[in-house]
Amino acid sequence: MKNLIHRCFSGEFMEGMLLPGEIELCEEFKASRSPVRSALQAMASKGIITIIPKKGSMINKLDKWNWLDGQILDYISQEDTNPYFMKNLLIMRLTFEPNISAMSALTSDTSDLINIHSGYRLMLEGAEKNNRDIFLEGDILFHSSIVASCKNPFLSSMDSLLSTAMKLSLDKTLEIDIHSHLPALNRHKMLLEAIRCRNPDLARNISREIILSAIKRVTNDEKFEELAINI
C-alpha cells in the first residue's frame, strides 16, 4: 500500500486516473489477490481511491483524502513535501494554533505547564548541542502539550495533523546551525510565559508570530505571505 500511496502522492497516478487492475498489481508486487485487494480497500477507506465495480480503482482529488489518518500523515512526514502542501500546512497551523494557544492560557493546569516546559527544555538542549533531532522532538512536544492542555477532544484529534505540519515546516526551516533559531526559541519561551500567566491575547499573538516567521522562512511567495498576514 505504501508504494501505491507514494505514486498517488507524487503525481505518477493523477486524480481521476484508474490504478492498474488487481491482476496487474499482483504481477507487479508478486502477491496474491487477497493482500492486493486488502491494500486497495484500505486506500479506499482513507479516501485516496474510490473502487468502482466492474471499472477499477479511481484516484480521488486530494481534498477527498482523509488527512487526519495517522498512516497518511506518517507517510507524508517522510516525503519531500512539495510547496503546495507546505503552504497549505502552514496556513492550517496559522488558522488553528494561535487560538489554541489562547485557549491553553485559560485551561492549562500545572501538569500541562510542566509538559509544555519539558518541550521547551528539549528545544533548548537541542540548540545547545546543535542537535536537530532533539530540537525537533522538543518543538513537537511543546506544541502538542499546548493542544492537550485545551482538554478538547476535537482539537486533540487534530494533534497528529498539527504535529506533522510542525515537523515538515521545521524540517524546511531548520538550518544546520540551530543557533540561528535562538530568536524562535525566545518566542517559544515568551509563549510559555504568556500561557503560565493566563494571558490569552498575548499567547495568541506570540503563537501567530512564531508561525508567520516560519512562513517567511519557507516561501518567497509575496502573495502567499500577504494572505498569511491577513488571516
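**Exercise 1. Find which residues line the largest cavity, and sort them by type.**

Step 1: Start with the list: Glu-97, Ile-100, Ser-101, His-143, Ile-146, Val-147 and Met-166 line the largest cavity. A cavity is a set of points on a 1 Å grid over the protein atoms alone where a 1.4 Å probe fits but cannot get out, and lining residues have an atom within 4 Å of a point.

Step 2: Now look at where they sit: H5 and H7 are the elements giving two or more residues to this lining. Helices here are DSSP runs (H or I, at least four residues), numbered from the N terminus.

Step 3: Sort them, and you get 4 nonpolar, 2 polar and 1 charged. Asp, Glu, Lys and Arg count as charged, while Ala, Val, Leu, Ile, Met, Phe, Trp, Tyr, Cys and Pro are nonpolar and the others polar.

A quick note on the source: this is a predicted model, where local features need pLDDT of at least 70, side-chain atom pairs count only at pLDDT 80 or more, and totals for chains, interfaces and linings use all residues. Residues are numbered from 1 along each chain as its sequence is written, and side-chain values use heavy atoms, leaving out hydrogens and water.

**Exercise 2. Describe the aromatic pair in the structure.**

Step 1: There's 1 aromatic pair to find, made by Trp-65 and Trp-67.

Step 2: Check the geometry: 5.3 Å centre to centre and 15 degrees between the planes, so the pair is stacked (ring centres within 6.5 Å, planes under 30 degrees apart).

Step 3: Trp-65 and Trp-67 are both buried (under 20% relative accessible area, 1.4 Å probe, protein chains only).

Definitions and conventions. Phe/Tyr/Trp six-rings, centres within 6.5 Å; stacked < 30°, edge-to-face > 60°. Buried < 20%, exposed > 50% of the residue type's maximum accessible area, 1.4 Å probe, protein only. 1 Å grid on protein atoms, 1.4 Å probe; cavity = no way out; pocket = protein on both sides within 12 Å on 5 of 7 lines; lining within 4 Å.
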